[in-house]
Amino acid sequence: MRSELNVQLPENMATTLDRTAWLQGTPAQCKIPAAPQIKPRRLVLLGVPGVGKGTQAELLCANLGACHLSTGDIFRAAKCANNCERTPALTAALDYMRRGELVPDQTVLALVTERVGCLRCRGGFLLDGFPRTVAQAEALENLLKSNKLKLDAVLSYELPLEKVIARLSGRRTCPGCKAVFHVDARPSKVQGICDHCAGSLYQREDDLPESIRVRMEAYERSTAPLTDFYRRRKLLVSITAEGSPEEILPAHWSRLKPEL
């Protein structure tokens, strides 16, 4: 087990962890491949929006040398790409999203399968946003098995609902430059005014407490079968997401198996 943790993100992290292959898919390759690890960590991250999963992913990547493989990042990058640069699976996924429909399991799996080289990366990976259903989890299990790989753990970040609501309801967004602030954690220099373009900050409708509560309860219902699936596989590791990112990070090492 590791005895020391680097809780500071390296300044050059953005250049050392290149995710070109993940964002663009086959046949793209990372310009700067992840450094091979003696024991690459292969993890899945679960947690409701606002729980701090993204920050923990960055800290874990810095400590493990693994790549943060977020399906959300694929969709965001694809929206800026030319149609000719999109694979059929990605085009289909974006079409579902434009219509406000859920992307089917088969389409999501096709996106990940196109990027199977990232799962074989000798630096390891942190999967974020996939799987979301038991069917996707079973498909991932089979995909990894066919490549002679297996997950080390599934990290489930947990925070009481009222604290999630407090975090998300404090967000304020600039309608002009889309910058996001937080009334407590990251306030603007002048209350209600964007630091970057002097726009008037506002609270998005989906950041209102009641809207957040409905979303979070729906998320919990939809992911309960998934957490049960990984609990039965003895892979689920619950991480209490209270405190600062630096305080939360050591919990990963105290809760994971000693060999990790």
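**View A. The crossing of helices α5 and α6 is left-handed.** That means the near helix is turned anticlockwise from the far one by less than a right angle (clockwise would be right-handed). The axes of α5 (residues 88-98) and α6 come within 9 Å and cross at roughly 145°. On the α5 side, the contact is made by Ala 89, Leu 90, Ala 92, Ala 93 and Tyr 96, while α6 brings Thr 107, Ala 110, Leu 111 and Glu 114; contact here means heavy atoms within 4.5 Å. By class, this contact splits into seven nonpolar residues, one polar and one charged. Nonpolar covers Ala, Val, Leu, Ile, Met, Phe, Trp, Tyr, Cys and Pro, charged covers Asp, Glu, Lys and Arg, and the others, Gly among them, are polar. Axes are lines fitted to C-alpha atoms (for helices, over the stretch in contact), with angles from 0 to 180 degrees between N-to-C directions. Helices (H or I, at least four residues) and strands (E, at least two) are DSSP runs numbered from the N terminus.

This is a predicted model, where local features need pLDDT of at least 70 and side-chain atom pairs count only at pLDDT 80 or more, while totals for chains, interfaces and linings use all residues. Residues are numbered from 1 along each chain as its sequence is written, and side-chain values use heavy atoms, with hydrogens and water left out.

**View B. Five strands make an open, parallel sheet.** The order runs β2-β3-β1-β4-β7, with β2 and β7 (236-240) as the edge strands, each pairing on one side only. From one strand to the next, the twist averages 25°. Zoom in on β2 and β3 (residues 124-128) and you get a parallel pairing over four bridges; strands pair if DSSP finds at least two bridges between them. His 68 has Leu 126 of β3 as its bridge partner. Helix α3 packs on the sheet, touching β1 (41-46), β2, β3 and β4 (153-158), and its direction makes about 170° with that of β1.

**View C. The largest pocket holds about 1,800 Å³ of space.** Closest to its centre, out of 40 lining residues, are Val 48, Pro 49, Gly 50, Lys 53 and Arg 132. Helix α4 gives the most to this lining, with six residues; other elements supplying at least two include α3 (53-64), α9 (161-169) and α10 (209-232). The class tally for this pocket is 14 nonpolar, 15 polar and 11 charged. On a 1 Å grid over the protein atoms alone, a pocket is an open set of points with protein on both sides within 12 Å along at least five of seven lines, a cavity is a set where a 1.4 Å probe fits but cannot get out, and lining residues have an atom within 4 Å of a point. Grid points are joined across faces, edges and corners, and a volume is the space filled by probe spheres set on them.

**View D. The second largest pocket has a volume of about 390 Å³.** Of its 22 lining residues, Ala 21, Cys 30, Gly 117, Cys 118 and Cys 121 are closest to the centre. At least two lining residues each come from α2 (20-24), β2 and α7 (116-119). Here the lining counts 12 nonpolar, five polar and five charged residues.

**View E. The largest cavity has a volume of about 70 Å³.** Among its lining residues are Leu 45, Lys 53, Asp 128, Arg 132 and Tyr 219. The elements giving two or more residues to this lining are β1 and α10. Its classes come out as five nonpolar, three polar and three charged.
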